[in-house]
Amino acid sequence: MLDKIRVLLVDDDEDDFIIARDIMDDIPGRNYVLEWASSFDKAVDIIRERRHHVYLVDFRLGARDGLELIEKSVNEGVTAPFILLTGQSDRETDEKAMRVGAQDYLVKGTFNPFDLERSIRYSIEHAKSLEEIQKFNMELEQRVEERTRELAAANRELEHTNRTLKQAQLEIHKALQKEKELHELKSRFVTIASHEFRTPLSTVLSSASLITKYKSAEDDDKRLKHVGRIKSAVNNLTNILNDFLSISRMEEGKIYNVPTTFDLHTFNTEVVDEMQGFLKDGQRIDYQHLSEASAVTLDKQLLKNIILNLLSNGSKYSGEGKTIWFTTEVTEQSIRLVVHDEGIGIPDADKVHLFTPFFRAQNVTNIQGTGLGLNIVKKYVEIMGGTLDYQSELGKGTEFSITIPQTAQT
Ligand code: ADP
């Protein structure tokens, strides 16, 4: 047996209730139970119980009206249908009723059991469909929200992947760049090596074969001259090899700064002494330590390499008989070394490339060199925490100055 359809009539006139009940009784099948709320407030309470399948609401409810009741109930979430009962049929009331949420309206005194049954059935069906649509809508909204959340998460994931990819790309690019630089370095190394080694080696060869030809005692001088040439060629080769070695060790990150404390003046005097054998005829190094203080804490090996490179450049790029000026100074703040020559100078156009490995200025093509010394000097100064400056004027001379802050040593 089907459940009865419970109907609540909201009407402040008992006569109307009796009439409605009679009409309802005449509906074939009598599948309805009619209850009655006689005032607005009573109706509010009963409707809140949500026991009824449909509400028949009179337009007039004392000082209040049925539209207000319908609107209030719909706003409170009542989903069962409302049918408005009005005194007269007019379009305006009909529209108002629909606007506040009524499913249908019936004009009092004109509807018969058939009309009422049809209106109730339709309203219930309509309300059910509405509820389903609303449920469906809500589900849809939920799904949209879920989807949005999933999308946002996927988006974040993508962004993360993107960043990782970009990072990887950057690293690959860096590695490739490094690889390229290394390759260039190697190919330049081969070019320079074959070129730079050839001259000293041919000197060694020719001097050695000449020595064998000078047999008599009078040829002693000549023999000595060639022994000297061989020595200097071998020294040259050693220097080139040392430069190559330094560059490759720097590339591998194998140059370390190991400071010890020593007297700078004494140390430099010895380095300058070592340089004597390499100077051109009549050249001299004027070394002066300008400050009282002379104790420093530096890496001796790095420092010696720097000074030898600068002094030998000073000699190499100056004419015979020229002086190379070398000064050092130790203050509380810094250690300063300056090497100054009166040589050929550096053309302005070449200055930007000066510290690039294997770079040589255009005015030195007939002077031997690898273009590695200054690069090594600059790197070593950096490893020691110092800075390098230079000034040069073509045909006048060049000055390199190095400053190492005392704080860099602690
Ligand atoms: P190398 O002397 O073996 O060529 P360096 O790296 O020591 O290599 O120097 C690079 C270039 O800088 C030199 O080829 C030369 O053109 C220029 N240079 C360096 N020192 C001096 C200097 N004292 N006077 C003039 N030019 C210099």
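**Note on the predicted model**

1. Phenylalanine 358 counts as buried, because its relative accessibility is 8%, and the cut-off for buried is under 20%. This residue is placed in the loop between strand 12 (334-341) and helix 9 (373-383). Its phi is positive, about 75°, although phenylalanine 358 is not a glycine. The value deserves a remark because most residues other than glycine have a negative phi.

2. The overall form may be considered next. The protein has 410 residues and a radius of gyration of 53 Å, whereas a compact globule with that number of residues would have one near 22 Å. Along the principal axes, the C-alpha trace spans about 160 × 50 × 40 Å. The secondary structure consists of 9 helices and 14 strands. Of the 410 residues, 37% are buried.

3. The structure contains 22 salt bridges. In general terms, side chains of opposite charge can pair when their charged atoms come close. One of these bridges joins aspartate 11 to lysine 108, with the closest N and O atoms 3.4 Å apart. The two partners belong to distant parts of the chain, being 97 residues apart. Aspartate 11 lies in the loop between strand 1 (5-10) and helix 1, while lysine 108 lies in the loop between strand 7 (104-107) and helix 5 (113-213).

4. Lysine 108, in turn, counts as partly exposed, because its relative accessibility is 24%. Both residues belong to a network of salt bridges that links Asp11, Asp16, Asp58 and Lys108.

5. A further salt bridge is formed by lysine 96 and glutamate 92, whose closest N and O atoms are 3.9 Å apart. Both residues lie in helix 4 (residues 91-100), where a separation of 4 residues amounts to about one turn of the helix. Glutamate 92 counts as exposed because its relative accessibility is 52%, and lysine 96 is partly exposed because its relative accessible area is 35%.

6. Lysine 72 and glutamate 76 likewise form a salt bridge, with 3.4 Å between the closest N and O atoms. Lysine 72 counts as partly exposed at 32% relative accessibility, and glutamate 76 counts as partly exposed at 35%.

7. Which residues form the negative surface patch? They are Asp12, Asp13, Glu14 and Asp15. Glutamate 14 is placed in helix 1 (residues 14-25). With a relative accessibility of 45%, glutamate 14 counts as partly exposed.

8. Lysine 304 illustrates how sequence separation and spatial distance may be read together. Lysine 304 and asparagine 268 are 36 residues apart in sequence, and their C-alpha atoms are 8.1 Å apart in space. Lysine 304 has its place in helix 8 (residues 300-316). At 25% relative accessibility, lysine 304 counts as partly exposed.

Terms used: Residues numbered from 1 in each chain as written. Predicted model: local features only at pLDDT ≥ 70, side-chain atom pairs only at ≥ 80, totals over all residues. Heavy atoms only, no water. Patch = residues over 30% accessible without salt bridge, like charges linked within 9 Å, V, L, I, M, F, W, Y side chains within 5 Å. Areas by Shrake-Rupley, 256 points an atom, 1.4 Å probe, with all protein chains shown as cover. Salt bridge = Lys/Arg side-chain N within 4 Å of Asp/Glu carboxyl O. Lys, Arg positive; Asp, Glu negative; His and termini not counted. Charge placed at Lys NZ, Arg CZ, Asp CG, Glu CD. Helix = DSSP H or I, 4+ residues; strand = E, 2+ residues; numbered from the N terminus. Buried < 20%, exposed > 50% of the residue type's maximum accessible area, 1.4 Å probe, protein only. Rg over C-alpha atoms; globule rule 2.2 N^0.38 Å.
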